[in-house]
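Biologist: Could you walk me through how to read the main features of this model? I'd like the general idea first, then the case at hand.

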Amino acid sequence: MRAIVQTGYGAPERVLRIEEIDVPAIGPDEVLVRVRATSVNTPDWATVAGEPSILRLGAGPRRPRRRIRGSDVAGVVEAVGAGVAGLAPGDEVFGSAQGTFAEYAAAPAARLVKKPAGLTFTDAAASVMAGLTALAAMRDVAHVSAGTRVLVNGASGGVGTMAVQIAKALGAEVTAVCGPGNAELVRSLGADHVVDYTSEDFTRSGPRFDAVLDNVLNHPPKATARLLAPGGVLMPNSIGNTGGLLAGLPRTARAALMANVRLVRPAYDRENLTALLELLGTGKVRVVVDKAYPLDHAASAVAHMLGHHARGKIVITA
Ligand SMILES: NC(=O)c1ccc[n+]([C@@H]2O[C@H](COP(=O)([O-])OP(=O)(O)OC[C@H]3O[C@@H](n4cnc5c(N)ncnc54)[C@H](OP(=O)(O)O)[C@@H]3O)[C@@H](O)[C@H]2O)c1
């Protein structure tokens with residue numbers, strides 16, 4: 001099969017190349033998926049760039065031991081392990097796997113659900129990590145309900161576009177922070193108020209939010225926490241942009257020690273994928289795709305996300 005193999009750390013065009021390799025073997029609880037679409041997420045660009053560089057200690061000092069990036073997957077079941085029930089060859093599925101920048105990927109059956117015919121492979125793949133992160137933030141951490149006042153920083157990216165819509169679907173009043181070119185987009189997703197970060201510092205607007213999802217972490221968490229109404233929660237949700245030994249990690253670590261801070265830890269399981277599907281099915285949440293690249297242009301897809309101005313999700317089709 002063709003797969004995008006990482007040969008070192010650095011610029012995507014330099015360290016990602018397409019190779020012919022063996023189709024992965026599957027274990028008893030796994031499913032072999034013929035990948036039709038996958039998408040780019042922060043762990044992908046961060047591992048390609050090798051940033052923050054301290055992460056190389058765990059991933060592999062000169063190149064990552066896991067050579068193929070990608071975790072979101074939408075595709076067609078090719079084969080199932082002996083212990084897998086409920087899925088069969090030919091089923092269209094989506095969910096989470098490892099090494100999805102390839103024509104085939106092995107996925108734990110517990111991390112896949114059947115894809116409805118009305119949902120495209122592109123949208124399904126794009127929804128997984130971004131959607132489950134946004135769902136965990138709004139439903140499980142912020143416990144959003146009617147009237148909850150939510151601010152989303154980085155509202156026009158992959159996680160942000162899902163977070164704005166999921167918060168709205170749960171009844172929130174949403175303030176979205178984005179650049180001037182994306183104000184219309186986030187309004188169309190339901191944002192009640194839009195802050196253009198090039199002309200206004202949202203951290204100066206006073207304590208009036210019950211929940212703040214910070215996908216950018218470009219302000220000190222202490223400053224962002226001043227936005228919180230009593231009992232409010234700050235969700236710092238970023239490793240910071242590329243650069244430096246630790247990049248944004250010290251900021252996240254400091255924030256994690258604050259009393260009103262909760263980290264977002266989505267579970268990539270059937271239950272959450274089904275909840276996400278239900279939201280997509282209501283029509284209240286849609287997947288925003290910036291651009292889809294063919295597999296042999298995966299390096300350009302990762303470089304696009306490394307620009308940190310994706311409008312929604314970046315997809316790779318195989
Ligand atoms: N907790 C988890 O398990 C988990 C899972 C996935 C992702 N994450 C985190 O979630 C964060 C967002 O991920 P993502 O996939 O949404 O990233 P992304 O798609 O690359 O985000 C791009 C967006 O960031 C916005 N942005 C850039 N600079 C900004 C600024 N100064 N102020 C406000 N917005 C700015 C851009 O808006 P404009 O173009 O309008 O400027 C763009 O729309 C990442 O930091 C990632 O680490 C966490």
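**Loops, ligand and a pocket**

Modeller: Let's start with His143, which sits in the loop between α4 and β8 (149-153). Helices here are DSSP runs of H or I with at least four residues, strands are E runs of at least two, and both are numbered from the N terminus. The model is predicted, so local features need pLDDT of at least 70 and side-chain atom pairs pLDDT 80 or more, while totals for chains, interfaces and linings use all residues. Residues are numbered from 1 along each chain as its sequence is written, and side-chain values use heavy atoms, leaving out hydrogens and water.

Biologist: What is phi of His143 near?

Modeller: Most residues other than glycine have a negative phi, and most peptide bonds are trans. His143 has a positive phi, near 50 degrees. The bond from Glu51 to Pro52 is cis, with omega near -10 degrees, and Pro52 belongs to the loop between α2 and α3 (56-59).

Biologist: Now the ligand: which residues come nearest?

Modeller: Count a residue as near if one of its heavy atoms lies within 4 Å. The ligand has 26 residues around it, and Ser156, Val159, Tyr197, Asn237 and Ala310 come nearest. Helices α4 (121-141) and α5 (158-169) each give at least two residues to this shell. Domain 1 (2-127 + 268-317) and domain 2 (129-256) each contribute at least three, with bounds from an automatic or database assignment.

Biologist: What about the second largest pocket: which residues are closest to its centre?

Modeller: A pocket is an open set of points on a 1 Å grid, with protein on both sides within 12 Å along at least five of seven lines; lining residues have an atom within 4 Å of a point. This one has a volume of about 310 Å³, the space filled by probe spheres set on the points. Among its 17 lining residues, Arg66, Gly70, Ser71, Ala97 and Gln98 are closest to the centre.

Conventions:
On a 1 Å grid over the protein atoms alone, a cavity is a set of points where a 1.4 Å probe fits but cannot get out, and a pocket is an open set with protein on both sides within 12 Å along at least five of seven lines; lining residues have an atom within 4 Å of a point.
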